[in-house]
Amino acid sequence: MSKTVLIVDDSATMRQMVNFTLTGAGFTVVEAGDGADAVKKLTAGTKPNLVITDLNMPNMDGISLIKEIRKMGTLKFTPILMLTTESTDDKKKEGQAAGATGWIVKPFNPEQMLKVIAKVLPS
Amino acid sequence: MKIDLSRFQAAFFEESAEHVTTMEEGLLQLERRPDDLDLINRIFRAAHSIKGNSGMFKLTAITEFTHLLENLLDQLRTGQRTLTKPVMDALLESTDGLKHLIEAAKTGEAHDEGRIAILRERLTGGAVHIEAPPVAAVHSPRASRRVKIEWTPGPTLFQRGLDPVQIVKELEHVGRVQTILRGLEALPALADLDPERCYLAWTFVLDTAESDQTIAEVFEFVREDSQIVMEADAASVCPSIACDSVTPAVPTGTSVPSRSTATGDVPPAMVPNPAGPVAKKSDGASIRVDTEKIDKLINLVGELVITQSMLSQLGNHFESPDLPVLQERLAQLERNTREIQERVMSIRMLPVAMVFNKFPRVVRDLAAKSGKDIQLILAGEETELDKTVIESIGDPLTHLIRNAADHALESPEERLALGKPAQGTVRLSAYQEGGNIYISVQDDGRGLNRDKIVAKARASGIIGPDEQLSDEQVWLLIFRAGFSTAEKVTEVSGRGVGMDVVRRNIEGLGGTIAIKTEAGQGTTFLLKLPLTLAIVEGMAVRVGSETYLVPLLSIIESLQPSAGAVKTIVGKGQVINVRGLYIPIVRLYEAFHLEADHTEPTQAILIIVETESERVALMVDELLGQQQVVIKNLEQNFHKVDGIAGATILGDGTVGFIVDVRGMLAISRGVAVAA
């Protein structure tokens, strides 16, 4: 069965690109426009094997989303990757403290993204 | 395998344009509410999004430029810099610069580097600092060696969704994992054990030809929480692997560098491909559809409405035992058809904000140029209008707003002397009432100057020296071609595009424009526009055996005149006196060469219509009732006919013509000339 990835990004372009890449790699993709939308979809029953989230988003940002997800019993150990443009360690530290598994630094290319996913998602 | 993402570039450009608009609007609002953190965050997010996405397409110029913009915004956010006017100007001009960069990237042309360089300097306040993109790690083959890695993860390993097995798997990609030793020292007594915490440690012995850097990358996500010690193992270089590298091997035995800057190898860019397939933007919430498709759909629905009303008419005169059932079903069909029609029409509807949103910038620039303090208030931006109408009202509205800002509003000194607040206000609002949309442009300036307008009209011979006009008639003079009372032509207005063009544009859309003004208090222009251009509310009228439709929007009243009210005026033909106002009569049967039931106005019906602020009485035999019809263009299918705006198919399946009210006015003038 194909694995489900939840993509959370307020940029439709970014979501499309990630979706295109992941669908091509055999994943099932669910999209959310911001943290609040993601929480809504998760509480409505979406069970992703992996969450990829942007950090800067309206309504609910990525860090808060990660904290929310870690509070959900069934998603406690689900890998979460954050998309960040920050090359500084601050955001990474903040993300790790919130429970993020790893990060993908923008700009990335599809191959890099798939590589990072392989790193955290048991095949 | 290379995954090509260039097809998403079109979507990127579109999204970026939206972000730039968000930034521009946000900045203008920020000027009034400089402490609004939410607002700064919103602007920041927009810039950030452009930065992140442009990087994906290797549009470096955009990435670097937005990076500077973002830095400045961040400094505002954290209070390191304050929002002074020069800063605001720099930000606003940079959004223009950003537009230019995006446009250049879109067309594939080189951008104006001089312009961008100046903006860069203004954004940074002179100190340009562009963060160098991370340098790609150079991979060179290395001799195989044996490395011992001791890894003690932090206790929260599992809580971050990490799995030690994944690390082992990845290490196996880097080299051959010879042994794995478990470290159990930290394991507590069973009673104290928290199953969600990690108490284990591992030691790996790895044979690898890869650099320390590559090995470190395996631990990238756990490095922060973990203790990692990496050292060369006693058994060293494996001779089986060629050692043709000129790069000296990195000395082993060092621990993993605490911070890695490499993000892995950077393969060739996703080459921008403007000629590539254009991605249709879709984000779940909306899809983009060619307007032509929608227009075809609207047309078809129009046909459906006609077919349905033909069926309904047929149903009224049907002989069948099932008649009640048939009529019930027909009523149902009518409801559904109406709903489909409304829904389809709504596809073409866009919020008027699409037009309104450009005005804050227009007004700001005008204020800056004229030295006035002007506040623009927008209201009802969510009101929806047909796309064609939206596209056509931009210019007239711009003209009205420029007029208001440039002519109507006084200078701050003048205003204070008059006891008004120094800041002038222009209010632009939209609302829906019935089947019409109203847009008003209101200023609190000096109001129209009656004496000046009359004097000018007399001087140019538009009105006679002794002609007395009501206030209303005076205001309407400003819509005459070539009429401008601006004493001097300023940079922003008075460039020959007059109010006559504004009125013509609005009336071309089937709308009207009205003026309300009070000396010293200000002026309001009220635009009344149809919701849509595809459908017209009409009054069906009969002339002889023909049915015509008169647009409801232009009808003032209908009446049957008494004998005394109809007068013949030399040079003006027959007129009717309606409460003191003489209105020329146009006999439709004469205009269209028909046989009518009545040739005497006192027996016929007169419909008073108004356009271009002038009235005409149309003489018809009978009023048949109000009807909504779908306009079919006559020019496209036949040719232009004077006095006819278009055709439609009526409920009984026959063709009805829609009367062109402006054409009728021309005919009435022609009558005047002929007589």
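In what order do the strands of the open sheet of 5 strands in chain B run, and with what pairing? In this predicted model, the order is 20-12-13-22-21, and the pairing is mixed. Strand 20 (622–630) and strand 21 (644–649) of chain B form the edges, each of them pairing on one side only. From one strand to the next, the twist averages 35°. Strand 12 (residues 535–543) of chain B runs antiparallel to strand 20 of chain B, and 8 bridges join the two. Within strand 20 of chain B, Val630(B) is the residue that stands opposite Ile535(B).

Chain B also contains an open sheet of 4 strands, in which the order is 2-3-1-4 and the pairing is antiparallel. Its edge strands are strand 2 (175–183) and strand 4 (227–232) of chain B, and each pairs on one side only. Here the twist from one strand to the next averages 15°. The antiparallel pairing of strand 1 (residues 145–152) with strand 3 (residues 201–208) of chain B extends over 7 bridges. Opposite Glu150(B) stands Thr203(B), which belongs to strand 3 of chain B. Helix 6 (residues 164–174) of chain B packs on this sheet and touches strand 1, strand 2 and strand 3 of chain B. The direction of helix 6 makes about 150° with that of strand 2 of chain B.

Two elements of chain B, helix 8 (291–316) and helix 9 (323–347), each give two or more residues to the nonpolar patch. Phe318(B) is placed in the loop between helix 8 and helix 9 of chain B. Because its relative accessible area is 38%, Phe318(B) is classed as partly exposed, and this value is over the 30% that patch residues require.

Chain A has 5 helices and 5 strands. Read from the N terminus on, its elements follow the course β-α-β-α-β-α-β-α-β-α. Of the 123 residues in chain A, 62% are buried. Among the contacts in chain A with a separation of 6 or more, 61% are between residues 24 or more positions apart. The accessible surface of this chain comes to about 4500 Å², and carbon and sulfur atoms account for 54% of that area.

Several backbone features lie in loops. In chain A, Lys106(A) and Pro107(A) are joined by a cis peptide bond with an omega of about -5°. Pro107(A) is located in the loop between strand 5 (102–105) and helix 5 (110–120) of chain A. Asn59(A), a residue other than glycine, has a positive phi near 65°. This asparagine is found in the loop between strand 3 (50–54) and helix 3 (62–71) of chain A. Asn59(A) counts as exposed because its relative accessible area is 69%, a value over the 50% cut-off.

In chain B, a positive phi is found at Lys58(B), where the value is near 60° and the residue is again other than glycine. Lys58(B) lies in the loop between helix 2 (37–56) and helix 3 (60–77) of chain B. With a relative accessible area of 33%, Lys58(B) is partly exposed.

Methods. Residues are numbered from 1 along each chain as its sequence is written. Chains are lettered from A and ligands numbered from 1 in the order in which they are written. This is a predicted model: local features need pLDDT of at least 70, side-chain atom pairs count only at pLDDT 80 or more; totals for chains, interfaces and linings use all residues. Side-chain values use heavy atoms; hydrogens and water are left out. Buried means under 20% relative accessible area, exposed over 50%, partly exposed in between (1.4 Å probe, protein chains only). Two strands pair if DSSP finds at least two bridges between them. Axes are lines fitted to C-alpha atoms, for helices over the stretch in contact, and angles run from 0 to 180 degrees between N-to-C directions. Contact means heavy atoms within 4.5 Å. Accessible areas come from the Shrake-Rupley method with a 1.4 Å probe; for residues, only the protein chains shown count as cover.
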